[in-house]
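Notebook open, model loaded. I want to go through the fold and then the metal site.

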Amino acid sequence: MIAPSILSADFARLGEEADRVDNADWLHVDVMDAHFVPNLTLGLPVVKSLLKSTALPLDCHLMIDDPDRWAPGYAEAGAANVTFHIEAARDAVQTARAIRAAGALAGLSIKPGTPIEPYLEVLREFDTLLVMTVEPGFGGQSFMSEVLPKVRRARNEVTAGHLRLFIEVDGGIALDTIEAAAEAGADVFVAGSAVYDAADPHAAVTALRDRARPAMNGTGTGSGSGSGETSG
Ligand code: DX5
Ligand code: ZN
């Protein structure tokens, strides 16, 4: 699945910017509070407006302090997937359960320096693992290939049947990096600048998907990759 990030879109025209990528699978919405990350974007009122102006499922990535308090509200509003950071959470399991109870998928995100091993058990309560491939806070940064072993580790857990997750990568995803992420086992790809800085964002989404698909080796759980993987 390809999830364009509106962080790189025109914030005064978000409805139109969503329409430009109507061939995407999810629309990625970066919520930043200027505390958890040194940048400020948008919050629940803008998400509620976006929900009314696009049919794309919203993938809300909360880079905020106190997600335990705020994350369920995004699920109640109608977001498809609500991801928060383990580094900011007090009770990740309880928050995941609240998100799911409100009808959304629950996502857990880890920063580049955060290991995955301590959270393998907690991840059983989640639908999505978002592995940051840049330091969160800004678009347009360079892809950090050194975090791909965490993607591989997560994919192995899914393949072994220990976890059932979308594995999402976010940061620096472009035509020259998406294959490495797909090969490592990611099946959801966030792309901000690679989509919205392109002359034709719609074509950029298609090009990214076409580049990722052959690299996925049947590991994907996402949209129509024709995977021959069996579930046992
Ligand atoms: C960064 C955000 C990303 C950002 C990615 O903290 O979480 O979603 O929009 O932007 P690019 O694709 O330009 O690296
Ligand atoms: Zn993001």
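**Ground rules.** I am working on a predicted model, where local features need pLDDT of at least 70, side-chain atom pairs count only at pLDDT 80 or more, and totals for chains, interfaces and linings use all residues. Residues are numbered from 1 along each chain as its sequence is written, chains are lettered from A and ligands numbered from 1 in the order in which they are written, and side-chain values use heavy atoms, with hydrogens and water left out.

**Sheet.** I looked up the strand order first: an open sheet of eight strands, β1-β8-β7-β6-β5-β4-β3-β2, with parallel pairing. Helices (H or I, at least four residues) and strands (E, at least two) are DSSP runs, numbered from the N terminus, and two strands pair if DSSP finds at least two bridges between them. At the edges I find β1 (2-4) and β2 (27-32), each pairing on one side only. The twist averages 20 degrees from one strand to the next; axes are lines fitted to C-alpha atoms, for helices over the stretch in contact, and angles run from 0 to 180 degrees between N-to-C directions.

**Around β3.** Six of the six residues of β3 are buried, so the strand is largely enclosed by the rest of the structure. Leu58, Cys60 and Leu62 sit on one face, with Asp59, His61 and Met63 on the other.

I then took its two neighbours. β2 and β3 pair in the parallel sense over six bridges, and Asp30 stands opposite His61. The chain gets from β2 to β3 through α2 in a right-handed β-α-β crossover, meaning that, with the strands pointing away from the viewer, the path from the first strand over the helix to the second runs clockwise.

Helix α3 (residues 67-77) lies across β2, β3 and β4 (81-85), at about 170 degrees to β4.

**Zinc.** Which residues coordinate the zinc ion (ligand 2)? I get His28 (NE2), Asp30 (OD), His61 (ND1) and Asp170 (OD), at 2.0 to 2.3 Å. Donors are N, O and S atoms within 2.8 Å of the metal (3.2 Å for Na, K and Ca); water is not among the atoms, so sites may look incomplete. The six donor atoms make angles of 71 to 173 degrees, and the site is octahedral. For six donors that label needs opposite donors over 155 degrees apart and all others between 65 and 115. Ideal octahedral angles are 90 or 180 degrees.

Along the chain the donor spacing reads H-x1-D-x30-H-x108-D. Asp30 in β2 and Asp170 in β7 are 140 residues apart. I looked up burial for both: Asp30 is buried at 5% relative accessibility, and Asp170 is buried at 8%.

**β7 and β8.** Three bridges join β7 (residues 166-170) to β8 (residues 188-191), which run parallel. The bridge partner of Asp170 in β8 is Val190.

**Ala104.** Last stop: Ala104 is in the loop between α4 (92-101) and β5 (105-110), buried at 6% relative accessibility. Ala75 is 29 residues away in sequence, with a C-alpha to C-alpha distance of 5.3 Å.

Conventions. Contact = heavy atoms within 4.5 Å. Buried < 20%, exposed > 50% of the residue type's maximum accessible area, 1.4 Å probe, protein only. Tetrahedral: all angles 85-135°; square planar, octahedral: opposite > 155°, others 65-115°.
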